[in-house]
Amino acid sequence: MKIKSYYSRSVECAIAEAREELGPEAMLVESRKAAPDARHLGEYEVVFALTSDGPPATARSAGPPRDSLSHDVAELKKELEGMRRAITRTAFAPPQWLSGAPDLSDAYAVLTANEIDPDLAREIVQSAESRSSGGAHSKVAQFNQPRDSGAYQQGLIQELESRFAVKPTLGRNESGARITALVGPPGAGKTTTLVKLAVNYGLACRRPVLLISMDNHRIAAAEQLRSYAGILGVGFQMLETVSALAQSIEENRSKDLILIDTPGLGFTEISESSTLARFLATRADIDTQLALAASVKPADLSRMVDAYQVFKPQRLVFTKLDETASFGPIFNEAVRTKMPLSFFATGQRIPEDLEEVTPGRLTTLILSGQGLRSRAVA
């Protein structure tokens, strides 16, 4: 049994290197982010195992053992080696449903390394197999037939894109003022994202814009938005109550775009904002979008999304994509909540680092394993 680790900037590159050296019979044991002391070798590590089916051909053709004792010893060693291979194969083999299917095991490794939920990753790679084969054969028959890797990759992309929705728009009305409120935890980048939206979907289209700050938790945040409004030459209001917000909206119906910044609330603070949450949740004319940092670990991200359901957000905005190389958590939440993705904030530059989400963009981020750095190189 030969076990070897391969390191590279992405899981896919590491797998390709392993396949080239060890061949298609090599078994994928594990994929993971490289340990800190090995990070200089590559950001990701994949572990492969390769069994040996016997001694080299030259040794087999060398003739019978010279005496009975050496023959018995050789046979005993052979049996022990076979036992060791069987035990090791059982211990290190990937899940049984992946056995004999390198395309599936490689895809599963890429998805789970990007922190896509393992059960969801399993559903995806199996459904992609059905897509690529047309669903006409049994799984056993598929594994025994020559496989078209290109067809499987296309099936995988189609399956990923079928699992989530995108809707990169602002407001809920086609006519009249488009009103959007951003809600989310502290540090999610709501204020900066709001300014990017104002420039790209207000000023760039010559639409009158009003920026409203409801963030009375952090005076600095309101002052920051006020400064941006002054630079951009758009209207700004700082409001402290829901009744004042309702009145402002009515008085500014002539504005094409009204963007509302809200306080960054932690888990323990959300209940303190029940009045604002109830107001936004019940207003049919306000498009509430939940802004989240893509760099947050998956468990905390899910917990935060669930906590903010009191605001009844209609879409998900993800910020700080430049601070992570794992985009699976974005996919997980889009699939789990069935809320469409709207915008990605990919850096601090205003207004450049904002993009409308497309199915292909998220799929590329997940499957490339390289994140936003690939765009910087291009």
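1. Ground rules. Residues are numbered from 1 along each chain as its sequence is written. The model is predicted, so local features need pLDDT of at least 70, side-chain atom pairs count only at pLDDT 80 or more, and totals for chains, interfaces and linings use all residues; side-chain values use heavy atoms, with hydrogens and water left out.

2. The sheet. Three strands form an open sheet in the order E1-E3-E2, with antiparallel pairing. Strands are DSSP runs (E, at least two residues), as helices are (H or I, at least four), numbered from the N terminus. Pairing requires at least two DSSP bridges between two strands. E1 (2-8) and E2 (27-33) are the edge strands, each pairing on one side only. From one strand to the next, the twist averages 20°. Angles run from 0 to 180 degrees between N-to-C directions, with axes fitted to C-alpha atoms, for helices over the stretch in contact.

3. The E1 and E3 pair. Seven antiparallel bridges join E1 to E3 (residues 44-50). Tyr6 has Val46 in E3 as its bridge partner.

4. Helices on the sheet. H1 (residues 11-22) packs on the sheet and touches E1, E2 and E3. Contact here means heavy atoms within 4.5 Å. The direction of H1 makes about 140° with that of E1. H4 lies across E2 and E3, and runs at about 15° to E2.

5. The cores. A nonpolar core is a set of buried Ala, Val, Leu, Ile, Met, Phe, Trp, Tyr and Cys residues joined through side-chain atoms within 4.5 Å. Buried means under 20% relative accessible area, exposed over 50%, partly exposed in between (1.4 Å probe, protein chains only). The largest core has 73 residues; Leu111, Leu156, Phe318 and Phe331 touch the most other members. Helix H4 (residues 102-113) gives the largest share of this core, seven residues. A second, separate core of 20 residues includes Val195, Leu197, Ala229 and Leu354.

6. Leu156. Leaving aside residues up to four places away in sequence, Leu156 touches Ala107, Leu111, Ile124, Val125, Ala128 and Leu367.

7. Helix H12. Leu301, Met304 and Val305 are the buried residues of H12 (residues 298-307). Seen down the axis of H12, they fall within an arc of 100°, so they line one face of the helix. The arc is taken from the directions from the helix axis to the C-beta atoms. These buried residues pack against E8 (286-293), E9 (315-319) and H13 (328-337).

8. Cysteines. The structure holds zero disulfides (cysteine sulfur atoms within 2.5 Å). Cys13 counts as partly exposed because its relative accessibility is 24%. Cys205 counts as partly exposed at 39%.
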